[in-house]
Amino acid sequence: ADRMAIMAEVVGAPKSADGFIDWLFAFNAKVGIPKSLKSVGVTAQNLDQLVDVAMKDFCHPLNPKPVTADDFRRIYTEALA
């Protein structure tokens with residue numbers, strides 16, 4: 001939360017984690033980034049493929065927090081909403 005408050009301050013949003021998140025969603029809308037995977041045609045049938053691609057991505061091992069296939073599946077499932 002402290003780091004996000006700092007980021008909020010940098011972008012001119014209210015200095016809080018919520019302020020940064022609100023700013024980020026507004027920015028995404030402004031530049032046309034969709035809110036969900038569903039809105040770009042992704043379905044639950046695509047989850048296995050998405051998880052496979054994420055696990056094989058060269059950036060995956062560099063993630064500061066270890067992420068498992070189950071973690072990716074949960075993240076993608078939530079992003080379908």
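How many salt bridges does a search of the whole structure find? Four are found, a salt bridge being a side-chain nitrogen of Lys or Arg within 4 Å of a carboxyl oxygen of Asp or Glu. The structure is a predicted model, in which local features need pLDDT of at least 70 and side-chain atom pairs count only at pLDDT 80 or more, whereas totals for chains, interfaces and linings use all residues. Residues are numbered from 1 along each chain as its sequence is written, and side-chain values use heavy atoms, with hydrogens and water left out.

One of the salt bridges joins R73 to D48, at 2.7 Å from N to O. This pair links distant parts of the chain, R73 lying in helix α4 and D48 in helix α3 (residues 47-56), 25 residues apart; helices are DSSP runs (H or I, at least four residues) numbered from the N terminus. D48 is exposed at 53% relative accessible area, while R73 is partly exposed at 30% (buried, under 20%; exposed, over 50%; partly exposed, in between; 1.4 Å probe, protein chains only). Within helix α4, E78 and R74 are four residues apart and form a salt bridge at 3.6 Å.

Three aromatic pairs are found in the whole structure, counting rings of Phe, Tyr and Trp (its six-membered ring) with centres within 6.5 Å; planes under 30 degrees apart are stacked, over 60 edge-to-face and the rest tilted. The ring centres of W23 and F27 are 5.3 Å apart with planes at 15 degrees, so this pair is stacked. Both residues lie in helix α2 (residues 17-31), and F20, W23 and F27 form one aromatic cluster.

How values were computed:
Helix = DSSP H or I, 4+ residues; strand = E, 2+ residues; numbered from the N terminus.
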